[in-house]
Amino acid sequence: QVQLVESGGGLAQAGGSLRLSCAASGSIVSINAMGWYRQAPGKQRELVAVINSGGGVHYADSVQGRFTISRDNAKNTMYLQMHSLKPEDTAVYYCNADFIYTGLGYNRDVWGQGTQVTVSS
C-alpha cells in the first residue's frame, strides 16, 4: 500500500518562509504528476501548485513568484518552498499524486493527511 506523508508545516510570521515535504512510501516504481493543495477554514480545497514527472510546473496565481514546487524522483519526495508568506496562506496543505505505479499495478488520486500552515500578521 502506498502512502503520502506531509511534513514541515507550522507557524510563521508574515513575510517569512516555510518548506513543506511530501514523502511517498510503498513499493513504488514511479509517480506521475504530484501537487500541493490547500484548504482554509470554511473554504473549498484549492490547487496551489503541480509538477509532472518531467519537472513541468504550474502555480496558482495567488502563489506565483512566492512558492516553488520541486520533486526528487529518486527519493519519491516532493517539496514546496514558500516565501513571503501572507496570513491568507493559512490553511491545511495536502499533497496529491494522480498516479502511483507499483509492482502490482497503480494507485490513483492518492492524498496525504495534510499539514497545518499558519501565518500570523
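**View 1. Four strands form an open sheet in the order β1-β3-β9-β8, with antiparallel pairing.** The edges of this sheet are held by β1 (3-7) and β8 (67-72). Each of these two strands has a single partner strand, so one side of each is left without a neighbour in the sheet. From one strand to the next, the twist averages 15°. The model shown in this and the following views is a predicted one.

**View 2. Strands β3 and β9 pair in the antiparallel sense.** Strand β3 spans residues 18-25 and strand β9 spans residues 77-82. The pairing of β3 with β9 extends over 6 bridges. Within this pairing, Leu20 stands opposite Leu80 in β9.

**View 3. A disulfide joins Cys22 to Cys95.** The structure holds 1 disulfide. A disulfide is a covalent bond between the sulfur atoms of two cysteines. In the link of Cys22 and Cys95, the distance from S to S is 2.1 Å. The link is right-handed, with 60° about the S-S bond. Cys22 lies in strand β3, whereas Cys95 lies in strand β10 (residues 91-102), so the pair ties together parts that are 73 residues apart in sequence.

**View 4. The surroundings of the two linked cysteines, Cys22 and Cys95, are shown.** The relative accessibility of Cys22 is 0%. A residue counts as buried under 20% relative accessible area, and Cys22 is therefore classed as buried. Cys95 is likewise buried, with a relative accessible area of 0%.

Note on methods:
Residues numbered from 1 in each chain as written. Predicted model: local features only at pLDDT ≥ 70, side-chain atom pairs only at ≥ 80, totals over all residues. Heavy atoms only, no water. Pairing = 2+ DSSP bridges. Axes fitted to C-alpha atoms, helices over the stretch in contact; angles between N-to-C directions. Disulfide = S-S within 2.5 Å. Buried < 20%, exposed > 50% of the residue type's maximum accessible area, 1.4 Å probe, protein only.
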